Amino acid sequence: MTKRKIRVGILFGGRSGEHEVSLTSAQGIMKAIDKDKYEVVPIGITKEGRWITGGDPMKELRAAADLPPALAATADQEAEASQTVLVPLEPRRAALTTSGAPLELDVIFPVLHGPYGEDGTVQGFLELTGLPYVGAGVTASAVGMDKAIAKNVFRAHGLPVLPYRVFLRRVWESDPAGVIAECEAALRYPMFTKPANLGSSVGISKAHNRQELTAGLDEAARYDRKLIVEQGIEAREIEVSVLGNDDPIASVPGEIVPSREFYSYAAKYIDDASELLIPAPISAEQTEQVRRLAIEAYKAVDCAGMARVDFLMDKATGNIWLNEIDTIPGFTPISMYPKLWEATGISYTELIDRLIQLALERHEDKRRSATSFDVTRAT
Ligand SMILES: Nc1ncnc2c1ncn2[C@@H]1O[C@H](COP(=O)(O)OP(=O)(O)O)[C@@H](O)[C@H]1O
Ligand SMILES: [Mg+2]
């Protein structure tokens, strides 16, 4: 008798500016996943938040997407799709009902970048269904997504983060002079302005003077109600991949050499000219330091499954600053996260397998925790 394959729902697309990146990551995973062990069930989420299964959700989403050159490939054609809801069935399973017929799943692999995908919302929804899912839980996802909260957590753990200020959009709009004065008192130019909750460098600017700081804050305020102004440095960009649940491991570090003044959206996805150096050409000591810090950052936010931890290394002093943790990093076969594992000895296909197994393990571990309180134990 052949063993039933594990049914993996791959969730992609989604309501974020990184919809297109998600499509490319999910395509890579669906292509490379071990088909003897896993059965793939593609689940697309449109930019409006509609979940589609049946037909070919990938084709449908790619046809509707606005793919930048580095992500573009062929795609049009329509496919039949159906409105879908995910409903819990029993502790280990849930069902996607499509046109009335339930679609059973054993585990979900969310390949969604940015808000409404990587920020704990989808994770919370999956918790409610009772289904195991790949990657970080609600807390780590939400903390990792919010750069302001993440920095506070990292600081509380004694991890090195660059000086920064956080402002509400409302405050920026009502008292711009006060905000500028506070930034100029605390930080030097250049400064980086960022929306707190986003990714792919959307809404991020480098300000060399007061005029650019004003423009940068206005730009960031288009995307979020919370804005960050951070000390800018001349930096090398070093990244480490982390994998695991309670006992995570770190990959060899990699370095990104951006094609522009900083690793902007254009440098990431439009030029297609930024270079990845693997392993990063840094000293053995620096390598050990970033690997250790990556694991500390991972544990600080109570991450699970995977994350890419990004650092900025001051070109002048060699000082290493923790920049951010990305709980669903780019996952195309040529993305940094899987490439670093490949260089560390874990192939793309094996990585996908490990992540799914980690999801199942974590789910089992969670099921061990009591969900009701036995009054006879009361003291
Ligand atoms: N404080 C800083 N000093 C120098 N460069 C920075 C700084 N903050 C961000 N950058 C540049 O901007 C890029 C995007 O910022 P980041 O905080 O990583 O946001 P995202 O989540 O969009 O990737 C970084 O990869 C880096 O090139
Ligand atoms: Mg980044």
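Reader: What makes the 4 strands an open sheet, and in what order do they stand?

Author: The 4 strands run in the order β8-β11-β9-β10 with antiparallel pairing. A strand here is a DSSP run of E with at least two residues, a helix is a run of H or I with at least four residues, and both are numbered from the N terminus. Two strands pair if DSSP finds at least two bridges between them. At the edges stand β8 (164-168) and β10 (205-207), each with a single partner strand, so one side of each has no neighbour in the sheet. From one strand to the next the twist averages 25°.

This is a predicted model, in which local features need pLDDT of at least 70 and side-chain atom pairs count only at pLDDT 80 or more, while totals for chains, interfaces and linings use all residues. Residues are numbered from 1 along each chain as its sequence is written, and chains are lettered from A and ligands numbered from 1 in the order in which they are written.

Reader: How do you know that strand β9 and strand β11 pair?

Author: Residues 191-195 (β9) and 226-231 (β11) share 5 bridges in the antiparallel sense. The rule asks for at least two bridges, so the pair qualifies. Within β11, L227 stands opposite P195.

Reader: Which strands does helix α5 lie across, and at what angle does it run to β11?

Author: Helix α5 (residues 147-156) lies across β8, β9 and β11, at about 50° to β11. Angles run from 0 to 180 degrees between N-to-C directions, and axes are lines fitted to C-alpha atoms, for helices over the stretch in contact. Contact means that the C-beta atoms of two residues, placed from the backbone, lie within 7 Å. Helix α8 (residues 210-221) also packs on the sheet, touching β9, β10 and β11, and its direction makes about 15° with that of β9.

Reader: Why is E361 called partly exposed?

Author: E361, in helix α12 (residues 348-367), has 16 C-beta neighbours inside 10 Å. A residue is buried with 20 or more other C-beta atoms within 10 Å of its own, exposed with 12 or fewer, and partly exposed in between, with C-beta atoms placed from the backbone. The count of 16 falls in between, so E361 is partly exposed.

Reader: What makes D302 buried, exposed or partly exposed?

Author: D302 lies in the loop between α10 and β16 (305-314). Its 13 C-beta neighbours inside 10 Å put D302 in the partly exposed class. Phi of D302 is near 60°, a positive value in a residue other than glycine.
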